[in-house]
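Student: I would like to learn how to read ligand sites and a sheet in a model. Could you take me through an example?

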Amino acid sequence: MNITFCCANTRVGPWLADLRLALPQANVTEWHPGAPQADHAVVWAPPQQFIDEQPGLKALFNIGAGVDALLRLKLPPAARVVRLDDAGMSVQMAEYVCHAVIRHFREFDAYEADVAQGQWSYRKPRLRADFPVGVLGLGVLGERVARALAQFDFPVHGWSRTPKSIDGVICHAGPQAFDSFLASCRVLVNLLPLTPETRDILNRETLSRLRPQAYLINVARGDHLVEEDLLALLESGHMAGATLDVFRTEPLPAQHGFWKHPKITVTPHTSARTLREESIAQIAGKILAFERGEPIAGVVDPVRGY
Ligand code: NAP
Ligand code: GLV
């Protein structure tokens, strides 16, 4: 069995070594133009040339949860696209989002600023009931995040395409429920996949439906957010702030207004990192199951886009 590895922005050596250890029966090599045909590919944002030169691939294993960069390419029609299914990401995402929500709710940023000025000051405790949190997307990551927030006694709402039932979470589903979902929330967490239906979903109109003094946490994709609409709503005071991990252009350009905006916290697409060990164990298990003709989890529906 031949496995080709083609991952942008990834340290190739350790991945190849660990894949070879996990799949000793396979021939695992880094892809280069003109490389021989492989059976399976391990990929992150490969170029179209890679796909064009590998028409016989049975499956492409994406080393991330989001497959938007892969689905932009013209893929071999018979090849399956398989996403990472948690692989250590959901706990990281829960940590990141809970940290951002609590930092905002408890005003820890304001306390840090006071302490920097040598001020011993108190703020009036705020009510959790005034900070209902909405989670867009209740998949592998969104469900874990929604459950974690509910553990801190925040009122939690979630929105997905199909109906869900999650303890401690008020679940809304489908476009008809979108406006009432938004109107219920003051803090909005985005964990949707990037698809034609969800691109630009965080815009002036949708963010305006949130409760006043709203707060946005975008941890999904930069193309979900119309960046200038957020800036306008921060300016108007409707939005109190935002924590942003993903951007339309990454790395975030040096001159971008988000870097120094007093109401925006920026992190460099790091909320849930791909963990090599967990990811390779999962991918190797799936390749072996696939070769035995068994069903595997995380196969992407190319029509749905996730
Ligand atoms: P997932 O398991 O595929 O879950 C996607 C969720 O979104 C599902 O609940 C789905 O609804 C819902 N959804 C999709 N399209 C929708 C629509 N049009 N309307 C309403 N709901 C819709 O994905 P995941 O593993 O949770 O990951 C989510 C995204 O997080 C990834 O696609 C990626 O972009 C991002 N991500 C970011 C980082 C980072 O470090 N910043 C790391 C990992 C992932 P159904 O359940 O009804 O299908
Ligand atoms: C990271 O952004 C991922 O999709 O895994």
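Student: Which polar backbone atom lies 3.0 Å from an oxygen atom of ligand 1?

Tutor: A polar contact is a pair of N or O atoms within 3.5 Å; within protein, one must be able to donate a hydrogen and the other to accept it, and residues adjacent in sequence count only if both atoms are side-chain atoms. Here the backbone atom belongs to Gly139, 3.0 Å from an oxygen of ligand 1. Val140 also places a backbone N or O atom 3.0 Å from a ligand 1 oxygen, while a polar side-chain atom of Glu197 is 2.9 Å from a nitrogen of ligand 1. Of the 940 Å² of accessible area that ligand 1 has on its own (Shrake-Rupley method, 1.4 Å probe), the protein covers 93%.

Before we go on: this is a predicted model, where local features need pLDDT of at least 70, side-chain atom pairs count only at pLDDT 80 or more, and totals for chains, interfaces and linings use all residues. Residues are numbered from 1 along each chain as written, chains are lettered from A and ligands numbered from 1 in the order written, and side-chain values use heavy atoms, without hydrogens and water.

Student: How many residues surround ligand 1?

Tutor: A residue counts as near when one of its heavy atoms lies within 4 Å. That gives 30 residues around ligand 1, the closest being Arg83, Leu141, Thr162, Lys164 and Tyr306.

Student: Which residues are around ligand 2?

Tutor: They are Trp44, Gly64, Ala65, Gly66, Met89, Arg221 and His269. Oxygen atoms of ligand 2 lie 2.8 Å from a backbone N or O atom of Gly66, 2.8 Å from a side-chain N or O atom of Arg221 and 2.7 Å from a polar side-chain atom of His269. The protein covers 86% of the 200 Å² of accessible area that ligand 2 has on its own.

Student: And the sheet: what is its strand order?

Tutor: Two strands pair if DSSP finds at least two bridges between them. The seven strands form an open sheet with parallel pairing, in the order E8-E7-E6-E9-E10-E11-E12. Strands E8 (169-173) and E12 (264-266) stand at the edges with a single partner strand each, so one side of each has no neighbour in the sheet. Further in, four bridges join E6 (residues 133-136) to E7 in parallel, and Gly134 stands opposite His157 in E7.

How values were computed:
Helices (H or I, at least four residues) and strands (E, at least two) are DSSP runs, numbered from the N terminus.
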